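Hi there,

I'm passing this structure on to you, as promised. Have a look at it, and my notes follow below.

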Amino acid sequence: MVDIEERFFERGNPFCGFRVPIVTYTYDDHEKLNLDLIEIIDELDAFYREVKKDTASNDDGSTLTKSILTHNFNNFNIFDRTEYDNIVKFKDFVSKCYKHYIETYTQFSLDDLWIQCWANKVGKFDYLSKHSHMGYLSLECCLSSNYFVKAPGHETYTRYYSPLTINKNEYVYTPNVEGSLTIFPSFIEHDTSSNRNSNLYRYTLGMDVYEPKQYQFADRTYVKLIE
Ligand SMILES: [Fe+2]
């Protein structure tokens, strides 16, 4: 059984109320998975640092982080690494979580959804600045998530901000727990608290799920969400 923790960011204002589900799912078998993920992430990090150095300026959604993997988010997909049994199992878990979220909180169809999964390896003093994965409210399914792989030796937080510009500095937050996947609508702005440890990195995954337009297949590395 998957442990599910619901958090609703809501305001019942009579003129402009909202209710945003920010839902955290726990992956039971995360210790072995996270070791594989760290190996994969370190390999990718070395590739973009040492071999493919000139893609560091790719659009990163204004996270302003030094994490080179964040800047290369659309050049790789962690779910391509099917040579790792743990990644195949994890993909199945992520598909089930998205299915649960979509069926429970939305009226979107599950038929033609694709997923991109990248990594963030955040070093000393660094953090992801406030950003969203989609700068507008879409009528189609656009759901993002983060999976927490490894803490830098102390607790960190992800903050999710109000969708109303007039209350733009209000937020709810989740403590980042290893093995937890949090799904939220892609238009919600979010940021992270900083890595205060000078020796350890903070490892996370970021994911986007949506129905890509045909032209977007050429500059993204999607895989089907539900096989
Ligand atoms: Fe993000």
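Leaving aside its neighbours within four places in sequence, which residues is Val209 in contact with? They are Tyr98, Leu113, Ile115, Cys141, Leu143 and Leu225, where contact means C-beta atoms, placed from the backbone, within 7 Å.

Two points on the source. This is a predicted model, in which local features need pLDDT of at least 70 and side-chain atom pairs count only at pLDDT 80 or more, while totals for chains, interfaces and linings use all residues. Numbering starts from 1 along each chain as its sequence is written.

Overall, the protein has 3 helices and 10 strands (DSSP runs, H or I of at least four residues and E of at least two, numbered from the N terminus). Their order from the N terminus is β-β-α-α-α-β-β-β-β-β-β-β-β. The radius of gyration, over C-alpha atoms, is 17 Å, close to the 17 Å from the globule rule (2.2 Å times the number of residues to the power 0.38) for 227 residues, so the protein is as compact as a globular protein of that length.

Of the 227 residues, 34% are buried (20 or more other C-beta atoms within 10 Å of the residue's own).

Happy exploring!

How values were computed. Two residues are in contact if their C-beta atoms, placed from the backbone, lie within 7 Å. A residue is buried if 20 or more other C-beta atoms lie within 10 Å of its own, exposed if 12 or fewer, and partly exposed in between; C-beta atoms are placed from the backbone.
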